[in-house]
Amino acid sequence: MAMTPRRPARRVLTALICAGLACMASAQDDVRLPDLGSSADALISPQEARDYGASMLRQMRALDMVVDDPLLDDYINDLGHRLASNSDKPKDRFTFFIVKDAEINAFAAPGGYIAVNSGLFVITRDESELAGVIAHEIGHITQNHLQRAFEASRKDAPLMALVLLGAVLAGASSHSGDAPMAVLAGGQGLIAQRSINFTRKDEIEADRVGIQTLAKAGFDPNAMAAFFQRMQDVLSTGAGGDNVPSLLQTHPVTTMRISDAKARAGALIAAQKLRPSGTVMDLQQWQQHTAPIAFVKDPASLLDAPKPGPLDTYNLMRERVRVLAGDATREATWYGSNLQTRPAFDTPANHYGYALALTRSGRGTLAVAQLQPLLRTAPDNLVLKLALADAELQAGQRAAALAIYQDLNVQSPRNRAVALAYAKALTAGGDKAQASLAASLLRPLLDDASEPEIYSTYARASDAAGDHVRAGEAFADASYYSGRPFDAMEQLQRLLKRDDLDYYARARIQGRISELTPLLLELRKRKIETKDSPDSGQQVQPFGLCLEPSCRATAPASAWRFD
């Protein structure tokens with residue numbers, strides 16, 4: 001089934017992000033590039049790259065382009081870090097997330113941010129295929145393709161200026177309103193073609209280092225070539241009609257490239273003699289190679305080899321992506337119809353997806369009936385038990401749901417998905433004591449959280465528990481991480497006017513205001529419009545990418561007043 005189409009503007013925006021970030025690269029003669037640095041380091045520092053990636057993610061959240069779900073976040077980041085820890089730069093920091101877009105694509109952004117479209121996730125056949133795409137994007141980052149791309153893209157600025165001038169002249173000498181756009185489109189096509197020409201060698205290099213990463217992480221090194229071969233088959237047979245997968249537009253695939261990937265994978269299999277199960281390397285070797293990885297909660301867990309099966313995490317998460325990124329009612333109809341008419345469709349993962357769609361479309365009782373047989377075969381499966389609790393809660397069986405949530409919280413303390421679902425259930429329809437318990441469950445998660453839902457749920461729980469100041473702070477943080485920094489500042493300023501603040505609360509709020517002030521000054525200086533920007537009429541610079549030194553200058557404090 002095809003994924004539910006998203007709004008055209010969102011599709012275009014995703015394409016622009018991918019075109020501007022993942023597809024630009026500079027021409028290099030060597031397949032394996034030495035890490036000698038680049039003058040691009042003078043354009044964007046590692047910290048600025050991280051800041052840019054984080055800003056991009058916040059703004060994508062503001063446009064509802066991100067699948068924000070704790071289970072999926074943990075899964076895609078565990079998978080990504082398993083691969084990254086076996087890459088050429090195992091200690092670099094990466095952030096992985098899923099985009100709400102039915103297009104089959106993925107892209108890498110500055111600062112180690114790697115996005116996988118929901119459309120790509122659901123079309124993969126196994127975890128190795130998904131890992132292959134992610135490993136390829138990791139290769140773009142570890143081989144410094146983005147830095148070189150930024151440096152090379154500056155050379156295209158004069159060309160684009162000539163293109164724009166040509167469009168103006170065409171409009172001045174023609175009575176046709178389409179002439180300027182035709183010239184502009186032609187010039188953009190030229191630049192796009194130059195970009196593709198630049199990226200072909202980089203794509204091959206990302207393939208080769210990605211395949212090596214796959215093998216070292218314990219995945220099938222043939223998976224990357226197999227996935228690209230499948231995409232090319234769709235294109236060559238015309239099965240996709242006019243809808244060419246975006247992955248093939250941004251990652252041009254040739255028969256030679258696929259053959260090279262297959263040969264590379266075969267050589268790795270022969271040389272490394274990968275074990276089908278068990279750990280990829282022993283703990284002592286791994287610690288010398290990668291540790292410490294401070295931002296991974298349990299680095300040693302990355303040693304676990306993938307465990308395929310009908311109820312493995314990958315199969316469940318693939319169906320979870322399908323439901324959460326689509327329309328629940330439509331997906332429920334699709335699952336129900338296929339389960340009745342197609343015997344091969346009758347799998348545990350599809351029953352799980354059906355249950356999710358039923359719960360999200362308001363039919364919790366039917367969802368419980370789908371989940372109970374699955375739990376009889378896998379009674380300790382956290383994903384299934386959490387789905388059952390959600391279904392029971394939706395069906396009005398709050399006590400039964402709370403009992404399951406409590407049991408899961410005892411088994412897996414500080415699990416974000418469990419804590420968030422449990423806190424929501426406690427707060428909704430609960431008393432002050434239950435709301436206080438909900439807040440206590442979420443408070444430890446705030447130290448390193450960037451998901452708006454965690455802050456907004458904590459805010460509602462704190463408010464119901466009577467802690468209105470903490471609630472106000474959390475609501476402001478939720479606004480900030482949702483891509484609304486101006487709203488966040490306004491909320492903090494109002495909160496600072498309360499006469500019941502103690503010394504510590506006032507210090508926290510003032511500290512947060514001090515952190516936000518430079519960001520808002522920079523947004524105003526660069527004329528970057530956010531969803532909540534008070535200056536909606538000014539020229540917009542998409543996603544705040546500016547590499548010129550003047551863009552990084554700090555504006556004087558007098559340039560902005562917070563009255």
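How many residues lie between β2 and β3 in their hairpin, and which turn residue has a positive phi? Three residues separate β2 from β3, and G111 in the turn has a positive phi of about 85°. The model is predicted, so local features require pLDDT of at least 70 and side-chain atom pairs pLDDT 80 or more, whereas totals for chains, interfaces and linings use all residues. Residues are numbered from 1 along each chain as its sequence is written, and side-chain values use heavy atoms, with hydrogens and water left out.

**View 1. The whole chain contains 24 helices and three strands.** Helices (H or I, at least four residues) and strands (E, at least two) are DSSP runs, numbered from the N terminus. Of the 563 residues, 52% are buried, that is, under 20% relative accessible area with a 1.4 Å probe, counting protein chains only. Among contacts (heavy atoms within 4.5 Å) between residues at least 6 apart in sequence, 68% join residues at least 24 apart.

**View 2. Strand β3 (residues 113-117) pairs with β1 and with β2.** Strands pair if DSSP finds at least two bridges between them. Strand β1 (residues 95-99) runs parallel to β3 over five bridges, with T95 partnered by Y113. Strand β2 (residues 106-109) is antiparallel to β3 and joined to it by four bridges; here A109 stands opposite Y113.

**View 3. Both faces of β3 are covered.** In a regular strand the side chains alternate between the two faces of the sheet. Y113, A115 and N117 are buried on one side, and I114 and V116 on the other. Because five of the five residues of β3 are buried, the strand is largely enclosed by the rest of the structure.

**View 4. Helix α17 (residues 382-394) is mostly covered, with 10 of its 13 residues buried.** From first C-alpha to last, α17 reaches 18 Å, close to the expected 18 Å; the expected span is 1.5 Å times one less than the number of residues. Its buried residues include L382, L386, A389 and E392. Elements covering the buried residues include α3 (70-84), α13 (313-324) and α18 (398-411).

How values were computed:
Buried means under 20% relative accessible area, exposed over 50%, partly exposed in between (1.4 Å probe, protein chains only).
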